[in-house]
Amino acid sequence: MSLSDMTRRQTLALLGTTPLMASTGNGLAQTTSDAEPLKDIAAKAGLTFGCAVSHDLASDADFRALVLRETQMLAAENAMKFGSLRPDATSFSFDTADALVKFCEQNGKSVRGHTLIWNDWPPTWLKQSAARDFPGIMDRHIETVMGRYAGRITSWDVVNEPFHWKDGGALRPGPWALAMGEDYIFRAFATAAVADPKAKLVLNEAWTERSDALGLGTRRALLLLIDRMRDKGLRIDAIGLQAHLMPDQPYDDAGFVAFLHEIEQRGLEIYLTEFDIDERSFQGNFAERDRQVADRAYKFLTAALSVKAVKLLMTWGLSDRYTWWREPSLMQKFGLKRLARPLPFDDTLRAKPLRDAMARTMRERKA
Ligand code: XIL
């Protein structure tokens with residue numbers, strides 16, 4: 001699916017027949033045996049809990065009620081990305097993003113902005129722009145988008161995924177890096193700091209949870225980049241770690257916790273921004289796979305939450321009913337043969353063992 005198709009579909013869904021407002025449905029009693037919402041458990045542990053949402057929020061009243069019950073903060077899965085907001089070089093298309101921000105404000109939720117500058121998902125017009133035009137395009141984009149929502153977005157992913165998905169040490173290729181080199185990151189943060197002085201400025205990155213060459217390389221490169229940014233006097237408030245866990249990749253608690261402490265020592269907060277678990281390597285029926293997912297989450301989250309700087313936990317979606325791992329293009333790309341079950345609630349919106357594992361780690365948090 002192309003980006004513009006995706007954007008159009010989302011926009012239509014959000015602006016369609018279903019008004020984007022709090023659900024009055026009461027089908028929630030059966031969704032979990034744990035009476036305490038994750039957001040409340042999180043708050044007691046010094047954390048904010050939230051999730052990313054898409055058109056599912058407008059079209060599915062039961063899902064909307066679940067999101068309202070369980071979360072304190074929402075992020076747009078796609079609606080605030082550059083390609084979604086920028087149909088062409090001169091205009092902005094804010095309908096879907098506006099609807100989400102309004103929904104959050106009407107329902108007492110805070111909003112995370114994801115994401116201003118990313119080398120992935122660029123619209124064709126951006127790829128075709130001349131290198132000399134990129135600084136101006138960037139400034140205008142950040143100033144317009146952050147300015148529009150100034151004071152209403154708790155944190156912004158100013159730059160998403162700075163490093164390469166194959167070689168953690170190199171910059172991720174794409175139009176911004178190609179046109180501006182590493183300066184694209186510095187300029188984005190400098191511009192963002194002025195455009196919304198209240199929003200926390202976040203650098204969001206993938207794969208640091210792995211302890212293979214990619215994960216270790218990305219950790220090293222990220223810490224060095226933070227140091228370069230601080231040397232330049234740039235404001236950066238938090239590091240976002242996506243935490244799309246891949247249990248078939250190497251991982252060790254101690255190494256990951258040591259990395260989190262390195263970030264903490266640099267005075268930054270840490271957000272786990274896109275938590276879900278790729279369970280393609282787990283065997284067995286649903287119950288067996290769900291148990292393995294829960295065990296993996298319990299181990300990972302217990303380690304991560306032992307670090308005080310970790311202030312936010314967001315899942316990428318909330319129910320298996322809506323997860324990016326089920327998008328046909330992604331299933332094809334990764335050769336997935338069965339529907340993924342990476343999230344705390346199942347297709348029927350019932351709580352899974354993963355939800356209980358998340359609740360347990362938060363209740364046990366000592367940091
Ligand atoms: C994903 C969305 O979930 C999908 O709907 C879309 O097709 C592609 O992008 N890391 C990120 C997110 O930072 O923006 C990505 O979101 C998932 C990986």
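Predicted model: local features only at pLDDT ≥ 70, side-chain atom pairs only at ≥ 80, totals over all residues.
Residues are numbered from 1 along each chain as its sequence is written. Local features need pLDDT of at least 70, side-chain atom pairs count only at pLDDT 80 or more, totals for chains, interfaces and linings use all residues, and side-chain values use heavy atoms, with hydrogens and water left out.

**Ligand site**

Around the ligand there are 15 residues, of which Glu-77, Lys-81, His-114, Glu-274 and Glu-327 come nearest; a residue is near if one of its heavy atoms lies within 4 Å of the molecule. By class, this shell holds 5 nonpolar, 5 polar and 5 charged residues. Ala, Val, Leu, Ile, Met, Phe, Trp, Tyr, Cys and Pro count as nonpolar, Asp, Glu, Lys and Arg as charged, and the others, Gly among them, as polar.

| Side chain (N or O atom) | Ligand atom | Distance |
|---|---|---|
| Lys-81 | oxygen | 2.8 Å |
| Glu-161 | nitrogen | 3.4 Å |
| Trp-316 | oxygen | 2.8 Å |

On its own the ligand has 420 Å² of accessible area, and the protein covers 92% of this (Shrake-Rupley method, 1.4 Å probe).

**Helix pair**

Helix 8 (residues 134–148) and helix 10 (residues 183–195) have axes that come within 9 Å and cross at roughly 35°. Helices are DSSP runs of H or I with at least four residues, strands are runs of E with at least two, and both are numbered from the N terminus. Axes are lines fitted to C-alpha atoms over the stretch in contact, with angles from 0 to 180 degrees between N-to-C directions.

**Backbone features**

A cis peptide bond, with omega about 0°, joins His-114 and Thr-115; Thr-115 lies in strand 3 (residues 110–118). Trp-121, in the loop between strand 3 and helix 7 (124–127), has a positive phi of about 60° although it is not a glycine. Most residues other than glycine have a negative phi, and most peptide bonds are trans.

How values were computed: Polar contact = N/O pair within 3.5 Å; in protein donor to acceptor, adjacent residues only side chain to side chain.
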